[in-house]
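Dear colleague,

Please find below the structure that I am handing over to you, with its sequence. My notes on what was found in it follow directly after.

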Amino acid sequence: MTDIDLVVELTVLVLAIFLGFEVIAKVPTMLHTPLMSGTNFIHGIVIVGAITVLGFADDGFTRAIGFVAMVLASANVVGGWFVTDRMLEMFKRRPEERK
Amino acid sequence: MISDPDVVGLLYLVSIVCFILALRFLSSPKHARKGNWVGGAGMVVAIATTLALDGISNWGLIVAGGLIGSIVGVVGARTVKMTAMPQMVALFNGVGGGAAALVALAEFHVSSGDLAGEEIVSIVLSALIGSISFAGSMIAFAKLQELLSGRPIVYAGQNILNIAVLLGAAALGIALIAGVDEQWVLVGLIVLALVFGVMFVLPIGGADMPVVISLLNAFTGLAASATGFVLNSLLLIVAGMLVGASGTLLTLLMAKAMNRSVANVLFGAFGQVKTGTAAARVDDGRTARATSAEDVAVQLSFARKVVVVPGYGLAVAQAQHDVRQLAELLEEKGIEVAYAIHPVAGRMPGHMNVLLAEANVPYDQLKEMDEINPEFPQTDVALVIGANDVVNPAARSDPASPIYGMPILDVDKANSVVVMKRSMAPGFAGIDNDLFLEPQTTMLFGNAKDSIVKLIAAVKAS
């Protein structure tokens, strides 16, 4: 991957913190459990790191570590997504519009 | 194969936008599910882009690892009971944190001696936070799954020992940053961080888990973000930080709803400190009045507005479906029914909403605390099912009470209150509840599910 200037990275980091707080503050408490499992899914993005490490590994140690990271990260991604979808599917309005 | 770094960066930008949109869509239950699909699309783009990077090899291992993880993930996600959702979230938190720590270790192994200052700092942070999150989440899982006792596990000098272990890990981290280029130092750091993760969750009781799970959620996000600095990936930095922000916000929110500081939850070993202070309540001769399902049914039938206040006791008794039936029965009689949900009802933020949604309770009937509290004075019957501390008026009136200042549902302002409870035993906070002695309150003792089934029959008969 390309080298990115540390200051640029830190700028993006700080902006992401502010953005995160803004967006999350708008999520109603009703949806806080799906929010947690949804953000759970998002931190599964570490799978990108696992793929990079494993994909470029050329010794046994790195392969072994990368493989375990790959298993953990993909369980995180796939499980996090499915469980969030399962929960959100259950949130329904009442069938007849009464209001 | 993609070799142009700009193309890679732009594709990752697409993923970032998808993740932000996914969170935006969560602002309403109407669009939330769509949001999850958008987030999923973002993840697919990110994974596909990474797999297409020039020079990626070890395909067999990548596919095998991905398959094993995916199968575990799908089976877990499909079979988990909604009451067990906190454990599930803890588990996924843990594996994410573990993956981040391992990626950091592998990066150190590959590039050791060739790492810039900020990279080694990030490796240390990612390994440290990721390992704490992994071990802490596993203990949280074991406690919630009741593989371990949910009670706080405490011993003398615990906090001092914990701090010593953490300082040890930090010292190794500083050594690495200062230029000690030895892999065993990083491995030692990871081991100490794992030990710390175990020790810091052990003394935390089951009732405090909403705070711990939120915090571990934030930790894993931070670990992923730190990994982003190691790999020079803005995608990981942003996505990890979004999770970090979310977890932090929820942690503070949960601690506030429980009227405690985060530090008190983590280091206070709840129940150890506070039970002593609350025992002295003046016995003023008032006693709780028991009632019968038939009487409650009559009360309900004459009501115009009924508010159901569900607590975790409802979920333990698996009575959500029965409550919904009762509510529908009342609505057929023209009675207005709403559910009042306290922010810490359940075992994690928003847990009760999920449990009721699973029982097909429409979400527009679920009212948050601030929304429902002004409505209690116009409520004819408040039906408290398996909730205790969150409806204790001492939180408003008694400065000596350990829960004083905690936001509660103002159930005592309703015209009449029916409390369904197994016994007069106190709730998690270990304190008496004056609500049970108020003149407008009656108690319907027994298992919540049995009581509600009887109530349904009685309402049908009346």
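A crossing of two helices is called left-handed if the near helix is turned anticlockwise from the far one by less than a right angle, and right-handed if clockwise. I begin with this term since several helix pairs are described with it below. Please note that the model is predicted.

**Chain B as a whole**

Chain B contains 17 helices and 6 strands. Its C-alpha trace spans about 80 × 50 × 35 Å along the principal axes. Of the 462 residues of chain B, 53% count as buried. When contacts in chain B between residues at least 6 apart in sequence are considered, 79% of them join residues at least 24 apart.

**The contact between the chains**

Chain A gives 80 residues to the contact, and chain B gives 97 residues. On the side of chain A that touches chain B, the elements that supply two or more residues are helix H1 (6–25), helix H2 (32–43), helix H3 (46–55) and helix H4 (60–90) of chain A. The largest share of that side, 29 residues, belongs to H4(A). Sorted by class, the side of chain A that touches chain B comprises 49 nonpolar, 21 polar and 10 charged residues.

One of the helix pairs that joins the two chains is H4(A) with helix H2 (residues 32–51) of chain B; these pack at an angle of about 165°, with their axes 9 Å apart. Angles over 145 degrees count as roughly antiparallel, and H4(A) and H2(B) are therefore roughly antiparallel to each other. H4(A) and H2(B) cross in the left-handed sense. From H4(A), the residues that make the contact are Val77(A), Trp81(A), Thr84(A), Asp85(A), Leu88(A) and Glu89(A), and from H2(B) they are Ala32(B), Arg33(B), Asn36(B), Gly40(B) and Met43(B). This contact of H4(A) with H2(B) consists of 5 nonpolar, 3 polar and 3 charged residues.

Val95(B) also takes part in contacts between the chains. Which residues does Val95(B) contact, leaving aside its neighbours within four places in sequence? They are Leu72(A), Ala75(A) and Asn76(A). Val95(B) lies in helix H4 of chain B. It has 30 C-beta neighbours inside 10 Å and so counts as buried, the cut-off being 20 or more. Within chain B, Val95(B) and Thr220(B) are 125 residues apart in sequence, while their C-alpha atoms are 9.0 Å apart in space.

Helix H7 (residues 183–201) of chain B has 19 residues. From its first C-alpha to its last, H7(B) reaches 28 Å, close to the 27 Å expected at 1.5 Å a residue. Its buried residues are Leu186(B), Leu189(B), Ile190(B), Leu192(B), Ala193(B), Leu194(B), Phe196(B), Gly197(B), Phe200(B) and Val201(B). The buried residues of H7(B) pack against helix H4 (85–111), helix H5 (117–144), helix H6 (158–177), helix H8 (209–231) and helix H10 (262–267) of chain B.

H5(B) and H8(B) form a left-handed crossing. By class, their contact has 16 nonpolar, 8 polar and 2 charged residues.

**Helices H13 and H17 of chain B**

Helix H13 (residues 320–332) of chain B packs with helix H17 (residues 448–461) of chain B at an angle of about 20°, their axes lying 9 Å apart. H13(B) is therefore roughly parallel to H17(B). The crossing by which H13(B) passes H17(B) is left-handed. H13(B) contributes Asp322(B), Val323(B), Gln325(B), Leu326(B) and Leu329(B) to the contact, and H17(B) contributes Lys449(B), Ile452(B), Val453(B), Leu455(B), Ile456(B), Val459(B) and Lys460(B). These residues divide into 8 nonpolar, 1 polar and 3 charged.

At 1.5 Å a residue, the 13 residues of H13(B) should span 18 Å, which agrees with the 18 Å between its end C-alpha atoms. The buried residues in H13(B) are Gln320(B), Asp322(B), Val323(B), Arg324(B), Leu326(B), Ala327(B) and Leu330(B). Just after H13(B), Gly334(B) takes a positive phi of about 85°.

With kind regards

Definitions and conventions: Residues are numbered from 1 along each chain as its sequence is written. Chains are lettered from A and ligands numbered from 1 in the order in which they are written. This is a predicted model: local features need pLDDT of at least 70, side-chain atom pairs count only at pLDDT 80 or more; totals for chains, interfaces and linings use all residues. Two residues are in contact if their C-beta atoms, placed from the backbone, lie within 7 Å. Helices (H or I, at least four residues) and strands (E, at least two) are DSSP runs, numbered from the N terminus. Ala, Val, Leu, Ile, Met, Phe, Trp, Tyr, Cys and Pro count as nonpolar, Asp, Glu, Lys and Arg as charged, and the others, Gly among them, as polar. Axes are lines fitted to C-alpha atoms, for helices over the stretch in contact, and angles run from 0 to 180 degrees between N-to-C directions. Angles under 35 degrees count as roughly parallel, over 145 as roughly antiparallel, 65 to 115 as roughly perpendicular and the rest as oblique. The expected span of a helix is 1.5 Å times one less than its number of residues. A residue is buried if 20 or more other C-beta atoms lie within 10 Å of its own, exposed if 12 or fewer, and partly exposed in between; C-beta atoms are placed from the backbone.
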